[in-house]
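Please open the model in your viewer and keep the selection panel at hand.

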Amino acid sequence: MDALTLLHERSSMGKLAEPAPSAEQLSVIYQAALRAPDHKELRPWRFIEFSGEGRERLGELFAEAEFQEDPHADDDTLNSARKKPLRAPMVIAVIAKVTPELDKVPKMEQVISAGCAAHGILLAAHAQGLGAMWRSGKYAFDSVVRKGLSLSENDEVVAFIYVGALGGRHKPVAEHSVADFVERWE
Ligand SMILES: Cc1cc2nc3c(=O)[nH]c(=O)nc-3n(C[C@H](O)[C@H](O)[C@H](O)COP(=O)(O)O)c2cc1C
């Protein structure tokens, strides 16, 4: 697949199947992530890979977050939270590891860099015929989850990227008119 086809045609895959990406596929994925634009070469990111029972540990964090939000939450709610990471054979958390108080590289720039790294992961997964979907959801912003993933005060969970083999067909890529989004000053 050539680069522009990839950029134009990448799409998300919500239905993901076993197996998890191989070590070689993951290496390609992370190399792509590490090419994200990065002001001052701060490398403002951390990646946490959840597979196998590791996904259950993440699910326990999600359930704990639900419980802390509502100690009366019923079993269905807690179990639904628990099962979320099991929707794919692997989940990769992309965390913006923010160095605060840098005049030239404010927090927003560092978070954007980590977002670009997340996009790199999606692109490299797609290019290898894998399925991937970027999810955040309320757990990305939850204090229990933040603590469980050892985020520092200024860090942010940018993405939970669900990745695996294609479990269905890609939906057709939406066509947008460039003119609706581009202004030209000539
Ligand atoms: C920061 C961010 C967070 C997202 N969180 C979710 C989410 O929690 N749940 C969801 O269904 N889609 C979420 N999405 C959207 C999907 O990843 C996807 O981009 C969208 O469904 C459009 O599909 P496409 O990527 O094939 O164009 C998120 C996207 C971004 C950029």
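**First selection: D38**

Select D38 and display its side chain, which reaches the backbone nitrogen of L42 at 2.9 Å, a polar contact in the sense of a pair of N or O atoms within 3.5 Å, where within protein one must be able to donate a hydrogen and the other to accept it, and residues adjacent in sequence count only if both atoms are side-chain atoms. The model is a predicted one, in which local features need pLDDT of at least 70 and side-chain atom pairs count only at pLDDT 80 or more, while totals for chains, interfaces and linings use all residues. Residues are numbered from 1 along each chain as its sequence is written, and side-chain values use heavy atoms, with hydrogens and water left out.

Now widen the view to the loop between α2 (23–33) and β2 (45–51), where D38 has its place; helices (H or I, at least four residues) and strands (E, at least two) are DSSP runs numbered from the N terminus. With a relative accessible area of 16%, D38 is buried, a label given under 20%, with exposed meaning over 50% and partly exposed in between (1.4 Å probe, protein chains only). Leaving aside residues up to four places away in sequence, D38 touches R43, P44, W45 and S113, contact meaning heavy atoms within 4.5 Å.

**Next: the whole chain**

Of the 186 residues in the protein chain, 39% are buried. Among contacts in the protein chain with a separation of 6 or more, 81% join residues 24 or more positions apart.

Select the ligand together with the residues around it, R10, S11, S12, M133, W134, R135, S136, G137 and K171, each having a heavy atom within 4 Å of it. Which protein atoms lie at 3.0 Å from an oxygen atom of the ligand? One is a polar side-chain atom of R10, and another is a polar backbone atom of S136. A backbone N or O atom of G137 lies 3.2 Å from an oxygen atom of the ligand. Taken alone, the ligand exposes 620 Å², and the protein buries 53% of that, with areas from the Shrake-Rupley method and a 1.4 Å probe.
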